[in-house]
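Thanks for coming. I have one structure to go through today, and I will keep to what can be read from the coordinates.

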Amino acid sequence: MYQKEKNEVIKAGMTLDRYELIALSGGNISMRIGDHVLVTPSGMIYEDMVEDDVLVVDLFGKVIEGTRKPSVDTGALLYVFRSDENIKAVIHTHQPYATAVGLVTDELPCNLTTMANAVNGSVHVAPYSSTATEQMGIEAVNYLDGRLAVILKHHGVIAVGNSLKQALYACIYLEEAAKTYAIARSLGGTMAMLTDDQIEQAVDVFRYYGQNTPKYPGVADNDSGSIGK
Ligand SMILES: [Zn+2]
């Protein structure tokens, strides 16, 4: 079941690889369909995966379909899904710039319009928790704070979305913002900040970005739920 969606999950994994947000078999991708969750298998390289390697589990981890061992972080991912029914995709990466920023600060400020667009504002750093534990999911939910991503200290990033694409964009634009922030910090001087009004405006503009056409003012066509609010 869900062959098309399983294929999208694998493609998302290859995209993470292309943007250097993971190395080898690191990270994982999961996607919710009703009460089922598609999750990538443990320890497999994305470009080697075929559709049947992606597992279908229920919201409490019972395997519905698949013979592979699911990602070791499945318990954490499922906790994130159960916390908000608007979350339809969770992506976990080891992206280096965002993770590096998490080692020197507790919050990556929202200094770029693209970050406001894709992540909804500044991104918090959740305290360290052991990988492969549900605690990782609990900390992620505690520190998401209405954003579409959270940095896990000493580990990586968890991004969420109302679609796989939204979660993927959050990871990619977060990494771009973290890289730009790191470069700006290395230049010294005072860091310029966006105001709250400017951030809010940038979040709003993205609703109409690309091919999104609003059905009526203020509501984008693909706006299927506000996450974390
Ligand atoms: Zn990890």
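This is a predicted model: local features need pLDDT of at least 70, side-chain atom pairs count only at pLDDT 80 or more; totals for chains, interfaces and linings use all residues.

The chain has 229 residues, and buried residues make up 41% of them. Its secondary structure comes to 7 helices and 9 strands. Among contacts with a sequence separation of 6 or more, 64% are between residues 24 or more positions apart.

The 9 strands form an open sheet with mixed pairing, and the order is 4-3-2-1-5-9-8-7-6. The edges are taken by strand 4, residues 63-65, and strand 6; each has a single partner strand, so one side of each is left without a neighbour in the sheet.

Take strand 1, residues 28-33. Of its 6 residues, 5 are buried, so the strand is largely enclosed by the rest of the structure. The hairpin of strand 1 and strand 2 has 2 residues between the strands, and Gly34 takes a positive phi near 60° in it.

Further along the sheet the sense of pairing is parallel for strand 7 and strand 8, which are joined over 2 bridges. Val125 has Ile151 in strand 8 as its bridge partner. Helix 3 packs on the sheet here, touching strand 6, strand 7, strand 8 and strand 9, and its direction makes about 65° with that of strand 8. The buried residues of helix 3, residues 96-104, are Tyr97, Ala98, Thr99, Val101 and Gly102. The cover over those buried residues includes helix 6 as well as strands such as strand 7 (123-126) and strand 8 (149-152).

Next, helix 2, residues 74-83. How many of its 10 residues are buried? The count is 7, so helix 2 is largely enclosed by the rest of the structure. The buried ones are Thr74, Ala76, Leu77, Leu78, Tyr79, Val80 and Phe81. They pack against strand 1, strand 2, strand 3, strand 5, helix 5 and strand 9. Leaving aside neighbours within four places in sequence, Val80 is in contact with Ile87, Val90, Gly137, Ala140, Val141, Ile158 and Val160.

The largest nonpolar core has 65 residues, and the members touching the most others are Val80, Ala149, Ala159, Cys171 and Leu174. Helix 6, residues 164-187, gives this core its largest share, 11 residues. As background, nonpolar side chains in soluble globular proteins tend to be buried together.

Helix 6 also packs with helix 1, at an angle of about 10° and with the axes 11 Å apart. The two helices are therefore roughly parallel to each other. The contact is made by Glu8, Ala12, Thr15 and Leu16 from helix 1, and by Leu164, Leu168 and Cys171 from helix 6. By class, that is 5 nonpolar, 1 polar and 1 charged residues.

Leu16 sits in helix 1, residues 3-18. It counts as buried because 25 C-beta neighbours fall inside 10 Å, against a threshold of 20 or more. Leu16 and Cys171 are 155 residues apart in sequence, yet their C-alpha atoms are 8.5 Å apart in space. Beyond residues up to four places away, Leu16 touches Leu21, Ile22, Gly27, Thr93 and Cys171.

Finally, two loop residues. Leu24 has a positive phi of about 50° although it is not a glycine. Leu24 lies in the loop between helix 1 and strand 1. Is Leu24 buried or exposed? It is exposed, with 11 other C-beta atoms within 10 Å. Asn120 is also not a glycine, and its phi is positive at about 80°. Asn120 is in the loop between helix 4, residues 113-119, and strand 7. With 25 C-beta neighbours inside 10 Å, Asn120 counts as buried.

That is the last item.

Conventions
Residues are numbered from 1 along each chain as its sequence is written. Helices (H or I, at least four residues) and strands (E, at least two) are DSSP runs, numbered from the N terminus. A residue is buried if 20 or more other C-beta atoms lie within 10 Å of its own, exposed if 12 or fewer, and partly exposed in between; C-beta atoms are placed from the backbone. Two residues are in contact if their C-beta atoms, placed from the backbone, lie within 7 Å. Two strands pair if DSSP finds at least two bridges between them. A nonpolar core is a set of buried Ala, Val, Leu, Ile, Met, Phe, Trp, Tyr and Cys residues joined through C-beta atoms within 7 Å. Axes are lines fitted to C-alpha atoms, for helices over the stretch in contact, and angles run from 0 to 180 degrees between N-to-C directions. Angles under 35 degrees count as roughly parallel, over 145 as roughly antiparallel, 65 to 115 as roughly perpendicular and the rest as oblique. Ala, Val, Leu, Ile, Met, Phe, Trp, Tyr, Cys and Pro count as nonpolar, Asp, Glu, Lys and Arg as charged, and the others, Gly among them, as polar.
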